[in-house]
Amino acid sequence: MRKAIEEYNMIEENDKIAICLSGGKDSITMLYAFKALQRFYPKKFDIIAITIDPGFEFFNKEFLEKICKNIEIPLYIEKSNAKEIVFDIRKEKNPCSLCANLRRGVINSIAIREGCNKIALGHNQDDVLETFLLNLFYAGNIGTFSPKSYMDRSKITLIRPLIYTPEKDTKRFIKNNNLSVMPKVCPMDGTSKREDMKQLIISLTKNIPRVRANLFGAIQRNLDTWKI
């Protein structure tokens, strides 16, 4: 994570960073890593955790509060009506994009209210590759999300410190440190197009062992938003 932060200059002196905490393995790993980094990193920065309560059955507020209390990070939880809008009112068959947009608006509002100038998202290396393939196959575009991007309207910078971290490493961190994660709350988990891309990469890797490294290298070398 530190390598990604330094290569893309994700942290600057006196930053206040809002860490998006979903309760999954990636966001919990990122939360612990930020707390550890804060102790010795040469640039001083503050951190808080922010969480969106989407209204799903398995959302566990107390679980998240306990995590943040244990490592002394302030937590701000905001209720969202995403579930009602996406599933009950709109009845979206492919809800991920709309749900993400709704969450993003709430996250930005919390970050602005709490005086943060940066928001840290827990997208890992697998997310980078899956998004690249989704854009290629379904939108006809060559692209994925940026390691770091500035939002003019909110004056906030988005950072993704886990872009070099494979999903298997966040799984290993959780297991090695005897940590728990919150059960998946989204009813679409495991059935989305993103899951299809995950399985495609797994399948390709069996015959092309370096396919992950090759895809990631192509992204770094050829996308303007990834230039160092």
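**Exercise 1.** In this predicted model, find what the buried residues of H9 pack against.

*Solution.* Start with the packing partners: the buried residues of H9 sit against H6 and H8. Next, pick out the residues themselves, which are Val211, Leu215, Phe216, Gly217 and Ile219.

**Exercise 2.** Check whether the end-to-end distance of H9 agrees with its number of residues.

*Solution.* H9 covers residues 211–222, so count 12 residues. The expected span is 1.5 Å times one less than that number, so H9 should span 16 Å. Now take the C-alpha atoms at its ends: they are 16 Å apart, which agrees.

**Exercise 3.** Work out how H6 and H8 are oriented to each other, and which residues meet.

*Solution.* Look at the axes of H6 (residues 125–139) and H8 (residues 193–207): they come within 9 Å and cross at roughly 110°. Angles of 65 to 115 degrees count as roughly perpendicular, so that's what H6 and H8 are. Then go through the contact: on the H6 side you'll find, among them, Leu129, Leu133, Leu134 and Phe137, and on the H8 side residues including Met197, Leu200 and Ile201. Sorting the residues of this contact gives eight nonpolar, one polar and five charged.

**Exercise 4.** Is Arg172 buried, exposed or partly exposed, and which side chain does a polar contact join to that of Arg172?

*Solution.* First place Arg172: it's in H7, residues 167–176. Its relative accessibility is 42%, so it counts as partly exposed. For the partner, go to Asp169, whose side chain makes a polar contact of 2.7 Å with that of Arg172. Finally, check Lys25: it is 147 residues away from Arg172 along the chain, yet their C-alpha atoms are separated by 9.3 Å.

Technical notes:
Residues numbered from 1 in each chain as written. Predicted model: local features only at pLDDT ≥ 70, side-chain atom pairs only at ≥ 80, totals over all residues. Heavy atoms only, no water. Axes fitted to C-alpha atoms, helices over the stretch in contact; angles between N-to-C directions. Helix = DSSP H or I, 4+ residues; strand = E, 2+ residues; numbered from the N terminus. Parallel < 35°, antiparallel > 145°, perpendicular 65-115°, else oblique. Contact = heavy atoms within 4.5 Å. Nonpolar A, V, L, I, M, F, W, Y, C, P; charged D, E, K, R; others polar. Buried < 20%, exposed > 50% of the residue type's maximum accessible area, 1.4 Å probe, protein only. Polar contact = N/O pair within 3.5 Å; in protein donor to acceptor, adjacent residues only side chain to side chain.
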